[in-house]
Amino acid sequence: MSWDRDPRTLRRPARSALIAASMTAMSLTASGCVVVHGEREVLPSTTRAEAAKALQEFTAAYNEADQAYDASLDAGHTTGALAAIDSARLKAGKANNPDGNPNHTPLRLTDAKFTIPKKAGWPRWFLVDAAGNKGGTARWLLVFTRSSLDDPFQVAYLTLVAPGKVPEFKKDADGWAESVPANETGLTAGPGKLSRDYTTYLKNGGDGFTDGLHTSQWRALRKKNSERPGMVTQYIDEPLDSGDYAPLALRTADGGALVFFTTRHYEKQTAHAGTSVPAPDKDVLALTTGEIKQSLTLEFVSNEVAVDPPGTGKVTILGRIQGMTAAEGS
């Protein structure tokens, strides 16, 4: 699913002061009362201490849910793409292992680095870049978000990225980062358009994205799979770019952005007459409705992280985690 490697001394108000400042304040001027709206105040999304606590609470809940195969145990700590992927994984696990996960290994995240944007309005959010005991040497990127002071921080995006690939972020003198709005211009692709641009690329190709595992190589793999003897495989890709799936972006030091976004994908396998679709594994069957006769349609949710350079150029997909969320036989 980066943070300050050497966090500077916090020179902004403590959490209580941040909360107070984010609420509607009243000030008197010579001409009378002026209302300052909290949703317009530019403030750090949270304190570093609160961000660290949110990471700790998420990890504990994630491990409890994984051990029990019980989605209710971390439902309050996930949202958006991660919630869709994680809840389906746990549902399938519970169906096949009612007593819990026999292969559970607790997730441990260390060397956590926090990038906290200073911004106005909601959602308030921040990024965690950590080392994990799973996924080899990859760095775990987790995006925590909340829509009000009464809400807990929840993880909307979780991706894994190769070491050294996370770009340097633009920060002010106090170490706070800058959030990039969805309608930002001056980038190769606006963050709000990236989900649609990516799904269009997967269908039609083009030169908007750099070649790699999640772009040209994925398209080539799909083409190969679609030509397997005895079966036709069709792909449909849809953008997910609103509500809990809205993209989130941080300004990089070069003026570009690191963008987290979501897409949905369908894969329909149809067997030729007289043949049948290969039997899916038990986790797929646990999420399948209908009877598998001649076709099986798989639904996936995918969350991506991309480097979106300034000006004109090509977007680079740094990481992508995809999970099956449903299936239908016919």
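**Entry 1. Contacts of Phe 144**

Contact means heavy atoms within 4.5 Å. The model I examined is a predicted one. With that criterion I looked up Phe 144, leaving aside its neighbours within four places in sequence. Phe 144 is in contact with Ala 54, Leu 55 and Phe 58, with Arg 124, Trp 125, Phe 126 and Val 128, and with Phe 153, Gln 154 and Val 155.

**Entry 2. Overall inventory**

I noted six helices and 15 strands in the protein. Of its 330 residues, 46% count as buried. The accessible surface comes to about 15,900 Å². Carbon and sulfur atoms account for 51% of that surface.

**Entry 3. The largest nonpolar core**

I next asked which residues have the most contacts inside the largest nonpolar core. They are Phe 58, Phe 126, Val 128, Leu 142 and Phe 144, in a core of 21 residues. The elements giving two or more residues to this core are helix H2 (48-68) and the strands E4 (109-115), E6 (124-132), E7 (139-146) and E8 (154-161). H2 provides the largest share, namely five residues. I recorded again that Phe 58, Phe 126 and Val 128 are among the contacts of Phe 144.

**Entry 4. The four-stranded sheet**

I then traced the sheet formed by E4, E6, E7 and E8. The sheet is open, its order is E4-E6-E7-E8, and the pairing is antiparallel. E4 and E8 are the edge strands, each pairing on one side only. On average, neighbouring strands of this sheet are turned by 25 degrees against each other, direction ignored. For the pair E7 and E8, I found an antiparallel run joined by seven bridges. Within E8, Leu 158 stands opposite Leu 142. Leu 142 is also one of the residues with the most contacts inside the largest nonpolar core.

**Entry 5. Helix H2 and its neighbours**

Where does H2 lie? I found that H2 lies across E4, E6, E7 and E8, and that it runs at about 140 degrees to E4. H2 also packs with helix H3 (residues 80-96), at an angle of about 30 degrees and with the axes 9 Å apart. Angles under 35 degrees count as roughly parallel, and H2 and H3 are therefore roughly parallel to each other. From H2, the residues that meet H3 are Phe 58, Tyr 62, Ala 65, Asp 66 and Ala 68. Their counterparts in H3 are Leu 82, Asp 86, Arg 89, Leu 90 and Lys 94. I note that Phe 58 is listed both in this helix pair and among the residues with the most contacts in the core.

**Entry 6. The three-stranded sheet**

I also looked up an open sheet of three strands, with the order E3-E5-E9 and mixed pairing. Its edge strands are E3 (43-44) and E9 (177-178), each of which pairs on one side only. E3 and strand E5 (residues 117-119) pair in the antiparallel sense over two bridges. Lys 119 in E5 is the bridge partner of Leu 43.

**Entry 7. Strand E15**

Strand E14 (residues 295-308) pairs with E15 in the antiparallel sense over twelve bridges, and Val 307 stands opposite Thr 316 in E15. Strand E13 (residues 288-289) pairs with E15 in the parallel sense over two bridges, and Thr 288 stands opposite Ala 327 in E15.

Key
Residues are numbered from 1 along each chain as its sequence is written. This is a predicted model: local features need pLDDT of at least 70, side-chain atom pairs count only at pLDDT 80 or more; totals for chains, interfaces and linings use all residues. Side-chain values use heavy atoms; hydrogens and water are left out. Two strands pair if DSSP finds at least two bridges between them. Buried means under 20% relative accessible area, exposed over 50%, partly exposed in between (1.4 Å probe, protein chains only). Accessible areas come from the Shrake-Rupley method with a 1.4 Å probe; for residues, only the protein chains shown count as cover. A nonpolar core is a set of buried Ala, Val, Leu, Ile, Met, Phe, Trp, Tyr and Cys residues joined through side-chain atoms within 4.5 Å. Axes are lines fitted to C-alpha atoms, for helices over the stretch in contact, and angles run from 0 to 180 degrees between N-to-C directions. Angles under 35 degrees count as roughly parallel, over 145 as roughly antiparallel, 65 to 115 as roughly perpendicular and the rest as oblique.
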